[in-house]
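Work through these exercises with the sequence and the model side by side. Try each task before you read its solution.

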Amino acid sequence: AGIAKLTRNGKTEPELMEQALGMLRAMQATPEGATRSVMAVALGRLFQRLYAGIDVDQEGIARIRQESKEKALVLLPSHKSHIDYLIVSYAFNEANLPLPLIAAGDNLTFFPMGPIFRRAGAFFIRRSFAGDALYPIVVDAYVRRLIREGYPLEMFLEGGRSRTGKLRPPMLGLLAYV
């Protein structure tokens, strides 16, 4: 329905579909088991060096395990540092839970980290959708497909980290697609 509306604005449906597929390729996660396994080992070693231990709420993990049997999970942790999403993935891996796909800003697509993040489960979205009527349709369709297929999703309502370490006000756009 959204694409039909856009065809009235000068582009043909095949042109819009080609443009949408390009947006999807730039956005989508391509999780690979090998990359995730290497990341698990690397994170385990990193966290052993950085922290005296990681305290995981086992009752919470049990509740997540139960809920994940019945529905897709959407995780909304705070985002004070880049360690936040790494800790969540590490805890899920240690509990033998499916690793979440993580919404990341498209500023993180730089080489060599972008391809690694993508294979580790990151999907990249623009910080602003303004001025592009097609992009929100593509994001909405992608997020809905991930939920329909049962992928756990992790997104940060602040949209990014602040320079001061304080949480930013929430931006609810991506959550609206959920």
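Predicted model: local features only at pLDDT ≥ 70, side-chain atom pairs only at ≥ 80, totals over all residues.

**Exercise 1.** At what angle do the axes of α2 and α7 cross, and which residues make the contact?

*Solution.* Step 1. Know what to read off. Two packed helices are described by the angle between their axes and the distance between the axes.
Step 1. Read both values. Helix α2 covers residues 13–27 and helix α7 covers residues 134–148; their axes come within 10 Å and cross at roughly 60 degrees.
Step 2. Name the arrangement. Angles of 65 to 115 degrees count as roughly perpendicular, and those under 35 degrees as roughly parallel. The pair α2 and α7 is therefore oblique.
Step 3. List the contact. From α2 come L16, Q19, A20, M23, L24 and M27; from α7 come L134, Y135, V138, V139 and Y142.
Step 4. Sort by class. The contact of α2 with α7 has 10 nonpolar residues, 1 polar residue and no charged ones.

**Exercise 2.** How many residues does the largest nonpolar core have, and which element gives the most to this core?

*Solution.* Step 1. Count: the largest nonpolar core has 20 residues.
Step 1. Find the residues with the most contacts inside the core. They are M27, F123, I125, V139, L153 and L174.
Step 2. Trace the sources. The elements giving two or more residues are α2, β2 (101–105), β3 (122–125), α7 and α8 (173–177). With 7 residues, α7 gives the most to this core.
Step 3. Zoom in on L174. Leaving out residues up to four places away in sequence, L174 touches A103, I125, V139, V143 and M155.
Step 4. Look beyond this core. Another core lies apart from it, with 12 residues, including Y90, L108, A122 and F124.

**Exercise 3.** Helix α3 packs with α6 and with α5: what are the two angles?

*Solution.* Step 1. Take α6. The angle between α3 and α6 is about 100 degrees, with their axes 8 Å apart. So α3 is roughly perpendicular to α6.
Step 1. List this contact: T35, R36 and M39 of α3 against I116, R119 and A120 of α6. The contact of α3 with α6 divides into 3 nonpolar, 1 polar and 2 charged residues.
Step 2. Follow one residue. T35 lies in helix α3 (residues 33–50). Its relative accessibility is 13%, so T35 counts as buried.
Step 3. Take α5. The angle between α3 and α5 is about 115 degrees, with their axes 10 Å apart. That makes α3 roughly perpendicular to α5, and this crossing of α3 and α5 is left-handed.
Step 4. List that contact: A40, L43, G44, F47 and L50 in α3 meet I83, L86, I87, Y90 and N93 in α5. The contact of α3 with α5 has 8 nonpolar, 2 polar and no charged residues.

**Exercise 4.** S89 is found in helix α5. Is S89 buried or exposed?

*Solution.* Step 1. Apply the cut-off: S89 has a relative accessible area of 13%, so S89 is buried.
Step 1. List the contacts. Leaving aside neighbours within four places in sequence, S89 is in contact with L99, P100, I102 and E154.

**Exercise 5.** Where do N96 and P112 lie, and what backbone values go with them?

*Solution.* Step 1. Most residues other than glycine have a negative phi, and most peptide bonds are trans.
Step 1. Check N96. N96 is not a glycine, yet its phi is positive, about 60 degrees. N96 lies in the loop between α5 (83–94) and β2. Its relative accessible area is 67%, so N96 is exposed.
Step 2. Check P112. The peptide bond from F111 to P112 is cis, with omega near 5 degrees. P112 is in the loop between β2 and α6 (113–120).

Conventions: Residues numbered from 1 in each chain as written. Heavy atoms only, no water. Axes fitted to C-alpha atoms, helices over the stretch in contact; angles between N-to-C directions. Helix = DSSP H or I, 4+ residues; strand = E, 2+ residues; numbered from the N terminus. Parallel < 35°, antiparallel > 145°, perpendicular 65-115°, else oblique. Contact = heavy atoms within 4.5 Å. Nonpolar A, V, L, I, M, F, W, Y, C, P; charged D, E, K, R; others polar. Core = buried A, V, L, I, M, F, W, Y, C linked by side-chain atoms within 4.5 Å. Buried < 20%, exposed > 50% of the residue type's maximum accessible area, 1.4 Å probe, protein only. Left-handed = near helix turned anticlockwise from the far one by under 90°.
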